[in-house]
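User: I have a chain open and would like a guided look at it. Could we go through it step by step?
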Amino acid sequence: MDNFNTEHSKLNSNLENNPPILKLPPEVLDHCWGYLGRQDLFQVSGVSRVFWYTSRSRIFQSLTVTLPSPAVFSLDQNLVRHSTNKAPKMLERAATRITSFYSDPSASELWDMVQDWTVATAPTIRSNIFSFARSQEKNLVPRSVDAVFPFLSCSRNLRSLELVRVNLGRQQWIIIECLPALETLRLISCRFPPSSHLDRPLKLKELAIAGDSFGPRSIEEPLVSVLCNPAYLEKLTLIDFLVTHTILAALSSMAPFPHLTYLSIFVTSLSGDHFFKFLAAVPALATLRIFPWSANITPPHPLPALSSLRSYDGYPNLLSHIVPGRPIDCVCLVLMMVTADDDHPDYVIHTELASIVRDISHSIVPVRKLAIEYFLPTIENLSAIAKYLPDLHRLDLGLISGPPPLTPVGIVFVFILWLC
């Protein structure tokens, strides 16, 4: 904002006849630009020098680079060759733009405005027929990452980094470690080659590891200790189906996480014990989210105190273990649960809503917000909510159809009025 003031005073010192909007303080203009989308900001920045200097920090706050992967189809070899020939040209254009931006000394002030980077490799449709295309893919993707990754270190104020479908070798980890302001790291469907990481823990406040079930993809336990630093981590999201079990196993044997307040996690039947053990290491946890399609787990022993827990989002089977005696005022439930093992999952909808809301009512503070997915709108279910949660301020219901008699429209209307 100091730069805004300097440039603003220079530009307006001799321009007394400027329109009134150009005489507004730069912080007011910056606040106005916060309501505009990225494309609108580009248009605004070209109106005048004042608009350019006051909008550029928002324009360059986030950078997104999408690197190509060859589209591989199994029916037309000519199409395969055309796609793989086109991909290097796309990479060259993307790398040229990034290189030009970070090679221009006059743009050095803009480098420090970049706070968020996203580096994504486009998804690939793989084929088992053409070895030509597969060899092109193996050569292209590493070159894609190597072409742009070194420029991350040019943005000294980079606070958030998202990597999508990126192979994280040792060179990438060295660059990530050298980002002095990095606080948030999101890894989406990334691969972690063995023994490629560093030994010194990062100082991340927020970490998200997510991914699909297409593999192979694995992670080594030493890397978990690099990513999850107990002294700094505040928010943790683990919803990668292939590596969450390994990560939980490592976390359950680490030191306590005194600052971790948010946990969103996918739990398999094999990792249930590790999950409950890890809960004992997060005394400040305020929000717990069990990702949908997790296994239907129950704790073998009483849970730790979790005296700061205010919000629970997950299956109802954990309510009786989590809500009573804790200050939970927000509950979000998914009534469709996994009932079988991870290899052959089956699903069932929980119908005992009266017992569910009774467990919720045992919170030591009034529950103000309730959200339920796969809710069957019967008179009994709505009456149970009204009876056990009289202090409810907000109710969100994801309805499902069911056998008659369903709740008459008039009953639903009266119930909504009661909530208001």
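**A helix with two sides**

Analyst: On one side of helix α14, Glu380 and Lys387 are exposed. Please keep in mind that this is a predicted model.

User: Which residues of α14 are buried?

Analyst: Helix α14 spans residues 379–388, and its buried residues are Asn381, Leu382, Ala384 and Ile385.

User: Why would residues a few places apart point the same way?

Analyst: An α-helix has 3.6 residues a turn, so residues three or four places apart point the same way.

User: Stepping back, how many helices and strands does the chain have?

Analyst: The chain has 15 helices and 14 strands. It consists of 420 residues, and 45% of them count as buried. The accessible surface comes to about 21,200 Å², with 55% of that belonging to carbon and sulfur atoms.

User: And what share of the contacts joins residues 24 or more positions apart?

Analyst: Among contacts with a separation of 6 or more, 65% are between residues 24 or more positions apart.

User: What about the inside? Which residues have the most contacts in the largest nonpolar core?

Analyst: Those are Trp117, Leu227 and Phe275, in a core of 102 residues. As a general point, nonpolar side chains in soluble globular proteins tend to be buried together.

User: What does Trp117 touch?

Analyst: Not counting residues up to four places away in sequence, Trp117 touches a list of residues including Leu63, Val65, Ile98, Tyr102, Val148 and Leu152. Ser155, Ser160 and Glu162 are also among the residues it touches.

User: How far apart are Ile209 and Arg186?

Analyst: They are 23 residues apart in sequence and 6.0 Å apart in space, C-alpha to C-alpha.

User: Switching to the surface: which residues form a nonpolar patch there?

Analyst: Ile21, Leu24 and Val28 form one, with about 200 Å² of accessible area together. Val28 lies in helix α2, residues 26–33, and is partly exposed at a relative accessible area of 33%.

User: What is the phi of Tyr374?

Analyst: Tyr374 has a positive phi near 65 degrees, and it too is a residue other than glycine. Tyr374 is in strand β13, residues 369–375, and is partly exposed with a relative accessible area of 26%.

User: Last one: is Ser311 buried or exposed?

Analyst: Ser311 counts as buried, at 14% relative accessibility. Ser311 is in strand β9, residues 311–314. Leaving aside neighbours within four places in sequence, Ser311 is in contact with Ala286, Thr287, Leu288, Ile328 and Cys330.

Key: Residues are numbered from 1 along each chain as its sequence is written. This is a predicted model: local features need pLDDT of at least 70, side-chain atom pairs count only at pLDDT 80 or more; totals for chains, interfaces and linings use all residues. Side-chain values use heavy atoms; hydrogens and water are left out. Helices (H or I, at least four residues) and strands (E, at least two) are DSSP runs, numbered from the N terminus. Buried means under 20% relative accessible area, exposed over 50%, partly exposed in between (1.4 Å probe, protein chains only). Contact means heavy atoms within 4.5 Å. Accessible areas come from the Shrake-Rupley method with a 1.4 Å probe; for residues, only the protein chains shown count as cover. A nonpolar core is a set of buried Ala, Val, Leu, Ile, Met, Phe, Trp, Tyr and Cys residues joined through side-chain atoms within 4.5 Å. Patches are made of residues with over 30% relative accessible area and no salt bridge: like charges are joined within 9 Å, nonpolar side chains (Val, Leu, Ile, Met, Phe, Trp, Tyr) within 5 Å. A salt bridge is a side-chain nitrogen of Lys or Arg within 4 Å of a carboxyl oxygen of Asp or Glu.
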